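Hi,

Here is the structure I promised to pass on. Have a look at it first, and then read my notes below.

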Amino acid sequence: MPHPTTDALRATLDAQREHVLGILAGLDDEALRRPVLPTGWSCLGLVRHLALDGERFWFRCVVAGEPNPISGLGDVGNAWRISPDVPARAVLDLYRQEVERANAILAGARLDAPPAWWPTGLFGDWRLDDVRQVILHMITETACHAGHLDAVRELIDGRTWLILPE
């Protein structure tokens with residue numbers, strides 16, 4: 001039986017994941033690829049970053065220690081850059097697939113379990129000590145990027161996510 005704290009953390013993370021996809025709903029391919037901010041990233045690039053550098057890295061690599069994703073880390077390149085020949089739907093589907101895989105991992109994980117793998121040297125002395133901290137990190141990361149997508153979507157066509165009327 002899942003732990004109430006695990007359920008609460010998962011529900012919070014899932015709400016942020018839904019926000020990421022929800023704020024992009026209805027955008028066409030051109031808008032999803034268009035860089036809006038001076039840094040040059042697109043909505044699709046940010047979603048791919050969340051899929052690969054977020055969900056896959058933190059849950060499949062760090063929490064579960066899956067060897068194939070770990071050995072493939074060097075093949076990812078710049079997750080923020082999307083080739084024009086990659087369909088937008090493929091990027092959005094990749095994010096959904098990585099979320100499903102992460103949720104499957106979390107379903108069997110104990111919050112106090114240490115990471116199965118840690119990228120020694122990548123973050124200096126900084127380290128997350130258990131699955132709880134990884135989930136909290138991903139809530140923060142996903143919420144931060146959902147906010148970025150909110151701002152970009154508003155610049156693209158004026159749509160907002162959760163703005164309360166006066």
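**Arg17 and its surroundings**

The side chain of Arg17 makes a polar contact with the side chain of Asn103, at 2.7 Å. (A polar contact here is a pair of N or O atoms within 3.5 Å; within protein, one must be able to donate a hydrogen and the other to accept it, and residues adjacent in sequence count only if both atoms are side-chain atoms.) Before you go further: this is a predicted model, in which local features need pLDDT of at least 70 and side-chain atom pairs count only at pLDDT 80 or more, while totals for chains, interfaces and linings use all residues. Residues are numbered from 1 along each chain as its sequence is written, and side-chain values use heavy atoms, with hydrogens and water left out.

Back to Arg17, which sits in helix 1. (Helices are DSSP runs of H or I with at least four residues, numbered from the N terminus.) Arg17 is buried, with a relative accessible area of 4%; buried means under 20%, exposed over 50% and partly exposed in between, using a 1.4 Å probe and protein chains only. Leaving out neighbours within four places in sequence, Arg17 is in contact (heavy atoms within 4.5 Å) with Arg10, Glu55, Phe59, Tyr95, Val99, Ala102, Asn103 and Thr142.

Thr142, from that list, is found in helix 6 and counts as buried at 0% relative accessibility. Its side chain reaches the backbone oxygen of Met138 at 2.7 Å. With the neighbours within four places set aside, Thr142 touches Leu13, Gln16, Arg17, Val20, Leu50 and Tyr95.

**Helix 1 against helix 5**

How do these two helices run relative to each other? Helix 1 (residues 4–24) and helix 5 (residues 88–107) pack at an angle of about 175°, with their axes 12 Å apart, so they are roughly antiparallel. (Axes are lines fitted to C-alpha atoms, for helices over the stretch in contact, and angles run from 0 to 180 degrees between N-to-C directions; over 145 degrees counts as roughly antiparallel.) On the helix 1 side the contact involves Arg10, Asp14, Arg17, Val20, Leu21 and Leu24, and on the helix 5 side Leu92, Tyr95, Arg96, Val99, Ala102, Asn103 and Leu106. By class, that makes eight nonpolar, one polar and four charged residues. (Ala, Val, Leu, Ile, Met, Phe, Trp, Tyr, Cys and Pro count as nonpolar, Asp, Glu, Lys and Arg as charged, and the others, Gly among them, as polar.)

**Helix 3**

Helix 3 (residues 43–63) bends by about 45° at Phe57, the bend being the angle between axes fitted to the seven residues ending there and the seven starting there. Most of this helix is covered, with 20 of its 21 residues buried. Just after helix 3, Gly65 takes a positive phi of about 65°.

Thr39 is in the loop between helix 2 (29–33) and helix 3, and counts as exposed at 57% relative accessibility. Its side chain makes a polar contact with that of Trp41 (3.2 Å). Gly74, in the loop between helix 4 (67–71) and helix 5, is exposed too, with a relative accessible area of 69%.

Finally, Glu154 belongs to helix 6 (residues 131–157) and is partly exposed at 46%. Glu154 and Ile23 are 131 residues apart in sequence, but 9.4 Å apart in space, C-alpha to C-alpha.

Cheers

Methods: Angles under 35 degrees count as roughly parallel, over 145 as roughly antiparallel, 65 to 115 as roughly perpendicular and the rest as oblique.
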